[in-house]
Amino acid sequence: MIENTKYARRYHFAFIDESTKKEIRRKLLKAVAIPGYQVPYSSPEMPIARGWGTGGLHVTLAIIGRGDVFKIIDQGSDASVNACNLRDFVHRMTDCKTTYDTKEATLIQTRHRITEEELTEQQIMVFQVPQPEPLRGVERYEFKTRQMHGEADYAKMWVSLYESIVRHGDIMLGAGYPVKVNGRYIMAPSPIPRWDVPNLHQAKTLYLFGAGREKRLYAVPPFTTVEPLEFEDVKFRIEQFKDVYCYKTHYTRAFLDELYLDDGSREHVINDSNFLDKIEQGIPITPFSNPYIL
């Protein structure tokens, strides 16, 4: 009878065992207490390969509750293979309700995008992060990057940005543009496009970042100052979509994907699939107020 009860359920709630979930939650509390600081964690094995979102999945499964409404997007889409498979996995392991609606979700896991709709204090966004170390491009040794963060010695990063301007006339960084969090740590905001970087600043929601392969967690708490790195005479700017619009809705103030149709013509469409659906159906939207949109 005891054995039947013990093995009646093949997996723990949310797959990960309770001890490991507690460890991840403790590390997340430290990450929230020190915005932008990378906290090492155990990064347990998952039934997906590293590099396919294990870090985000660890965070999601550690904090999700039975009453949560879960949404996941991959490059802005609810319907990509990665998003569909992870959504199905989380649903099977938790029995939580899933949704495509950004406003309805209480927990959103994302890869490479922030939703176009502004998030609230009642929501948490979890990022899948492939490379959490913003200094990796200028320093190859991990122990030296740890030291540089500890001493706030970011001279190499600034020199790298300056060299990019000298060589190319601009800072040649697209996704994953480095930011300074709370005036202290330089952070890699996962490979989100520049378009999304201003949405991290003084946001109402809690942003959590998980890098499973690198075994690092970090966070941006609500209402935290997040500043993209820029010079006095070379300011940060986002992608501009001049003279183009979404061919389905004619909307212009959203991140657009470039499409090549069957007849060879080129069009643009809103990247955030749920945002696009709402505009097409005439549902009211509440987008982020991005000050960098010209």
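Predicted model: local features only at pLDDT ≥ 70, side-chain atom pairs only at ≥ 80, totals over all residues.

Student: OK, how many bridges join β6 to β7?

Tutor: Three bridges join strand β6, residues 179-181, to β7, and the two run antiparallel; in this pairing Val 179 stands opposite Met 187 of β7.

Student: And what order do the strands of that open sheet have?

Tutor: The order is β7-β6-β10, an open sheet of three strands with antiparallel pairing. Since β7 (185-187) and β10 (226-228) stand at the edges with a single partner strand each, one side of each is left without a neighbour in the sheet. The twist averages 35 degrees from one strand to the next, where axes are lines fitted to C-alpha atoms, for helices over the stretch in contact, and angles run from 0 to 180 degrees between N-to-C directions.

Student: Now the open sheet of seven strands, what's the order there?

Tutor: That sheet reads β1-β9-β8-β5-β4-β2-β3 and has mixed pairing, with β1 and β3 (97-98) as the edge strands, each pairing on one side only. Strand β4, residues 107-111, pairs with β2 in the parallel sense over five bridges, and Lys 71 has Ile 108 in β4 as its bridge partner.

Student: Which strands pair with β9 in the antiparallel sense?

Tutor: Strand β1 (residues 39-40) is joined to β9 by two bridges, with Val 39 opposite Leu 217, while strand β8 (residues 206-211) pairs with β9 over five bridges, Phe 209 having Tyr 218 as its partner. β8 and β9 also form a hairpin with four residues between them, and in the turn Lys 215 has a positive phi of about 60 degrees.

Student: Is β9 enclosed, or left open, by the rest of the structure?

Tutor: Five of the five residues of β9 (216-220) are buried, so the strand is largely enclosed by the rest of the structure; buried means under 20% relative accessible area, exposed over 50%, and partly exposed in between, with a 1.4 Å probe and protein chains only. Arg 216, Tyr 218 and Val 220 point one way, and Leu 217 and Ala 219 the other.

Student: Switching to cores, which residues touch the most other members of the largest one?

Tutor: Ile 114, Phe 127, Leu 200, Tyr 207 and Phe 209 do, out of 39 residues; a nonpolar core is a set of buried Ala, Val, Leu, Ile, Met, Phe, Trp, Tyr and Cys residues joined through side-chain atoms within 4.5 Å. A second, separate core of 28 residues includes Val 59, Ala 62, Leu 86 and Cys 96.

Student: Last topic: which residues of helix α7 are buried?

Tutor: In α7 (residues 273-281), Ser 273, Asn 274, Phe 275, Leu 276 and Lys 278 are buried, and what covers the buried residues includes β2 (69-74) and β12 (266-270). Just after the helix, Gly 282 takes a positive phi of about 75 degrees.

Key. Residues numbered from 1 in each chain as written. Heavy atoms only, no water. Pairing = 2+ DSSP bridges. Contact = heavy atoms within 4.5 Å.
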